[in-house]
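Here's a quick briefing to read alongside the model. Have a look at the fold first, then we'll walk through the sheet and the helix packing.

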Amino acid sequence: MKPYLLMIVVWVCVTASVTSDDEVTPECASETKNLMAQEFKPSDATYQEPDVPIQKATFSMGCFWGVESVFGALPGVIRVKAGYTGGTKENPTYRSLGDHTETVEIEFDPERISYGRLLKTFWVNHDPTEINTVQYMSAIFYHDDNQKKLAEESKADQEKDLGKKTLTRISPASVFYDAEDYHQKYFLRQHTNFVKSLGLTNRDFLISWRATKLLGYITGNGDVEHLEQEKEALGLRDDHMSYLLAAQNSQTEGSCSAKKDEL
């Protein structure tokens, strides 16, 4: 994935997603719609969630749809979910967000990927100097003193490289509220037949390693080498693999909606 690709995905989500009365979902091109129409036999393959010690990272980079995708593809990232944090309103919803920010919460294996590597992904995949509303602002929510130190150092380095200040807020992590089901792995959900054949449920979309990885691959953020390495662990057949590769090569790389409907 090219460094600036996610910025395109996030822009589409913010400006053209079905998230308010005057916004519409970016509709998939006919090529992708034809792919989505492919039918599958139900899969009886099993898979097991990784059982490893995890740490958490929490980032805000604009609309969370595309952000979920890019972090989900990283080796060592176990789970990613979309939600709201940073504000004072209890139990926010998308339609009643209050002073919260769209955010992703990442669970990662520190033996395979460092917090510093996640910070690098954070900085290259959005514009931290862009003025946004609180809903879409740039923010790092740290979970311990070491994360705070690394976040502050990385922000200073970023500003030195850019030659100007960023607007990124660095704050302690607070209560994280899960976003509604339809926001979780949004771009993966558009591939209805593919998802149905794997038996993915709303709970899987929220908390499973399988859904996290499939989202990263289907949107073109994960590479073929790692996909092939994880084929068996993900419980994928050859037809599933062919489908994922075709989605990666499609015009929109899986990052679109099957139809222009209100969510």
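Contact here means heavy atoms within 4.5 Å. With that in hand, helix H3 (residues 64-72) lies across strand E1 (55-61), E2 and E3, running at about 160° to E2. Keep in mind that this is a predicted model: local features need pLDDT of at least 70, side-chain atom pairs count only at pLDDT 80 or more, and totals for chains, interfaces and linings use all residues. Residues are numbered from 1 along each chain as its sequence is written, and side-chain values use heavy atoms, with hydrogens and water left out.

**Overall make-up**
- The protein has eleven helices and six strands; helices (H or I, at least four residues) and strands (E, at least two) are DSSP runs, numbered from the N terminus.
- Of the 263 residues, 52% are buried, meaning under 20% relative accessible area with a 1.4 Å probe, protein chains only.
- Take the contacts with a separation of 6 or more: 77% of them link residues 24 or more positions apart.

**The sheet**
- Six strands make an open sheet in the order E5-E4-E1-E3-E2-E6, and the pairing is mixed.
- At the edges sit strand E5 (169-172) and strand E6 (177-178), each pairing on one side only; two strands pair if DSSP finds at least two bridges between them.
- E2 (residues 77-85) and E3 (residues 101-108) run antiparallel and are joined by eight bridges.
- Look for Val-80, whose bridge partner in E3 is Ile-106.
- Helix H4 (residues 115-124) lies across E1, E2, E3 and strand E4 (138-142), at about 10° to E1; axes are lines fitted to C-alpha atoms, for helices over the stretch in contact, and angles run from 0 to 180 degrees between N-to-C directions.

**Helix on helix**
- Helix H9 (residues 209-218) packs on helix H11 (residues 238-249) at an angle of about 45°, with the axes 8 Å apart.
- H9 brings Leu-214, Tyr-217 and Ile-218 to that contact, while H11 brings Tyr-243, Leu-244, Ala-247 and Gln-248.
- The residues of the H9 and H11 contact come out as six nonpolar, one polar and no charged.
- H3 and H9 cross at roughly 100°, their axes coming within 7 Å, so H3 and H9 are roughly perpendicular to each other (the range for that is 65 to 115 degrees).
- Glu-68, Ser-69 and Gly-72 of H3 meet Thr-212, Lys-213, Leu-215 and Gly-216 of H9.
- By class, the H3 and H9 contact has one nonpolar, four polar and two charged residues; Ala, Val, Leu, Ile, Met, Phe, Trp, Tyr, Cys and Pro count as nonpolar, Asp, Glu, Lys and Arg as charged, and the others, Gly among them, as polar.

Methods
Buried means under 20% relative accessible area, exposed over 50%, partly exposed in between (1.4 Å probe, protein chains only). Angles under 35 degrees count as roughly parallel, over 145 as roughly antiparallel, 65 to 115 as roughly perpendicular and the rest as oblique.
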